[in-house]
Amino acid sequence: MIRMHNPAHPGEVLREFLGDITVTEAANRLHVTRVSLSRILNGTNGISADMAMRLEKALGTSAELWVSLQAQHDLWIASKRKQPKVLPIRTADSESHAPPLPPVPDRRFGR
């Protein structure tokens, strides 16, 4: 999957879908609080699977659209943070084809 450069928060996309309808009216139709919807529209909160299902029913879109938009945004945000060094995990299938892994330091006792 190719990641978009700085994808819009799904709340921005939702705001376009809602057009001139008020936040209060949209929240009522979705059966959520105005505050909850406002947080999504302002980019403070993400779109959950439950909200994606509500948007699918209310807007005639797919729930997968909203979950995908949220995932793309979350991945882009995560890619901008400093990532820890992660060691590969070998499975039984990959062990027969890969060189041995270096030992992992024991950090349980500050070693």
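This briefing covers helix packing and salt bridges in one structure. The model is predicted. Two helix pairs are described here: α4 with α5, and α1 with α3. The structure also holds two salt bridges.

**Helix α4 against helix α5**

- The axes of α4 (residues 49-59) and α5 (residues 63-80) come within 7 Å and cross at roughly 135°.
- That angle makes α4 oblique to α5.
- The crossing of α4 past α5 is right-handed.
- On the α4 side, the contact uses A49, A52, M53, L55, E56 and L59. On the α5 side, A63, E64, W66 and V67 take part.
- By class, this contact has eight nonpolar, no polar and two charged residues.

**Helix α1 against helix α3**

- α1 (residues 10-18) packs on α3 (residues 34-41) at an angle of about 115°, with the axes 7 Å apart.
- α1 is therefore roughly perpendicular to α3.
- G11, E12, L14, R15 and L18 of α1 meet L37, I40 and L41 of α3.
- The residues of this contact divide into five nonpolar, one polar and two charged.

- R29 and E25 pair through their side chains at 2.6 Å, N to O.
- Both residues lie in α2 (residues 23-30), four residues apart, about one turn of the helix.
- R29 counts as exposed because its relative accessibility is 58%, over the 50% cut-off.
- E25 is partly exposed, at 31%.

- R54 and D50 form a salt bridge at 2.9 Å, N to O.
- Both sit in α4, four residues apart, about one turn of the helix.
- R54 is partly exposed, with a relative accessible area of 26%.
- D50 is also partly exposed, at 46%.

Technical notes: Residues numbered from 1 in each chain as written. Predicted model: local features only at pLDDT ≥ 70, side-chain atom pairs only at ≥ 80, totals over all residues. Heavy atoms only, no water. Axes fitted to C-alpha atoms, helices over the stretch in contact; angles between N-to-C directions. Parallel < 35°, antiparallel > 145°, perpendicular 65-115°, else oblique. Left-handed = near helix turned anticlockwise from the far one by under 90°. Contact = heavy atoms within 4.5 Å. Nonpolar A, V, L, I, M, F, W, Y, C, P; charged D, E, K, R; others polar. Salt bridge = Lys/Arg side-chain N within 4 Å of Asp/Glu carboxyl O. Buried < 20%, exposed > 50% of the residue type's maximum accessible area, 1.4 Å probe, protein only.
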